[in-house]
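Visitor: Could you take me closely through the aromatic side chains of this model, and then on to whatever else deserves a careful look?

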Amino acid sequence: MKSSNHDDTFYMKYAIRLASRNIGLTGENPSVACLLVCDGKIISHGITEKGGSPHAEFIALSKLTNIPPKTIAYVTLEPCSFVGKNPSCASLLIDRGISKVVIATKDPNPLVNGVGIEILEKKGLNVIVGLEELSAKENIYGFEQKILGSYPEVNIKVASYQNGITIPDQKEPWITNSLSRSYGHILRSNHDVIIVGVNTVKIDNPNLDCRLPGMIDRSPIKVIIDTNLTTPLNCSLVKNANKNGLIIFTSELNNNNNFIKFLDRGVELIKVDTDADGLLNVKSVLDTLREKGFNRILVEGGSTLSSSFLSNNLVNFIYWFKSDNQKNDKKPISNGDKTINKIIKSSKFKIKDSISLKNDSLKIFKSV
Ligand code: AOF
Ligand code: ZN
């Protein structure tokens with residue numbers, strides 16, 4: 001890496017924080033940020049927009065009629081080198097007279113991967129690559145896995161009592177406190193898709209939106225895993241399917257009388273195979289979601305479904321919200337909860353972060 005200075009690091013860290021804002025919003029595209037800096041002043045910025053267009057560099061450059069000489073561009077991802085749905089950002093930076101480009105990480109997309117850097121260097125720009133690379137890569141984790149042919153990023157949210165039980169006591173609607181639940185809504189906002197099992201739909205009738213003030217449009221696409229297609233037609237998710245989008249994965253399409261009724265209500269039904277235990281094959285589910293371009297998937301229960309993703313080694317991060325409440329300790333722990341507790345504590349995961357949320361705690365585990 002060519003030498004960078006203290007200011008470069010400062011601006012890049014800021015750009016990475018900006019890029020993290022639009023994670024979960026940019027469709028097939030990664031969320032990228034671009035800062036334009038001249039004489040120690042940020043003169044413009046851009047973040048990849050909703051649905052992935054326009055790109056960050058385009059937005060930052062378009063805000064300025066004149067770009068002063070010596071303007072530096074800080075980008076969290078290598079500028080793209082080809083014309084796709086969007087113009088080539090490498091060419092845009094050159095055309096607008098940018099003299100120095102600081103890049104956090106190369107684009108893992110084989111269509112770009114180093115070509116953007118080459119184009120800039122060939123035109124004589126001063127290019128620095130690899131500044132704050134590890135944090136920048138966290139922002140594009142799911143995109144990178146998907147584009148390199150693996151599954152999208154799969155993260156699990158678990159909310160439990162101290163003893164690891166994830167089913168709320170009948171007298172209480174919630175296990176965790178309101179702060180934990182708000183954090184849970186942030187997770188919804190920064191994922192493309194949220195998945196639940198059909199039993200969760202039957203018991204909770206959730207709507208799975210991001211209900212933080214002003215953030216309803218950050219809600220993810222909803223998915224139900226429903227082996228036998230028994231999702232109630234009058235549940236919230238089906239009722240709002242036309243408006244919010246709903247995909248049901250099932251093995252049961254042939255002899256089901258409700259088939260047409262689901263389609264009439266705007267539900268997308270997708271048939272997948274089952275595994276040896278008769279449960280839907282979650283790898284096939286992820287294959288389909290990857291083909292649809294999704295980068296980040298949040299699994300929000302129940303425990304049988306979460307343990308299915310965990311047992312198949314498909315999970316990247318676990319967000320484990322734990323209340324300080326000891327309730328429910330006389331109830332036997334379900335098999336799903338047993339598996340979740342066992343795998344989280346196994347050598348397959350290591351703790352990445354621990355956050356205190358009043359009397360609850362959040363532990364974030366990363367697969368190793
Ligand atoms: C950038 N800046 O803000 C983003 C980039 O079909 P297109 O034209 O939208 O190109 C998609 C590719 O662009 C995507 O796969 C990824 O490699 C890159 N994303 N590049 O220069 C951006 N989001
Ligand atoms: Zn671009």
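**The aromatic cluster and beyond**

Guide: Phe10, Tyr11 and Tyr74 make up one aromatic cluster, where rings of Phe, Tyr and Trp (its six-membered ring) pair if their centres lie within 6.5 Å, with planes under 30 degrees apart counting as stacked, over 60 as edge-to-face and the rest as tilted. This is a predicted model, in which local features need pLDDT of at least 70 and side-chain atom pairs pLDDT 80 or more, while totals for chains, interfaces and linings use all residues. Residues are numbered from 1 along each chain as its sequence is written, chains are lettered from A and ligands numbered from 1 in the order in which they are written, and side-chain values use heavy atoms, without hydrogens and water.

Across the whole structure, five aromatic pairs are found. In one of them, the ring centres of Tyr11 and Tyr74 are 5.3 Å apart and the planes stand at 45°, so this pair is tilted. It links distant parts of the chain, since Tyr11 belongs to helix α1 (residues 6–21) and Tyr74 to strand β3 (residues 72–75), 63 residues apart; helices (H or I, at least four residues) and strands (E, at least two) are DSSP runs, numbered from the N terminus. Both Tyr11 and Tyr74 are buried, that is, under 20% relative accessible area, with exposed meaning over 50% and partly exposed in between (1.4 Å probe, protein chains only).

Another aromatic residue, Trp320, has the charged end of Lys322 over its ring, 4.5 Å from the centre (NZ of Lys or CZ of Arg within 6 Å of the ring centre and within 35 degrees of the ring normal). The side chain of Trp320 also joins that of Ser160 in a polar contact of 2.9 Å (a pair of N or O atoms within 3.5 Å; within protein, one must be able to donate a hydrogen and the other to accept it, and residues adjacent in sequence count only if both atoms are side-chain atoms). Ser160 lies in strand β6 (residues 153–160) and is buried, with a relative accessible area of 0%.

Turning to the backbone, a cis peptide bond joins Ser53 and Pro54, with omega about -10°, and Pro54 is placed in the loop between β2 (41–47) and α2 (56–62). A cis peptide bond also joins Gly301 and Gly302, where omega is about 0°, and Gly302 sits in the loop between β11 (296–299) and α13 (303–311). Most peptide bonds are trans.
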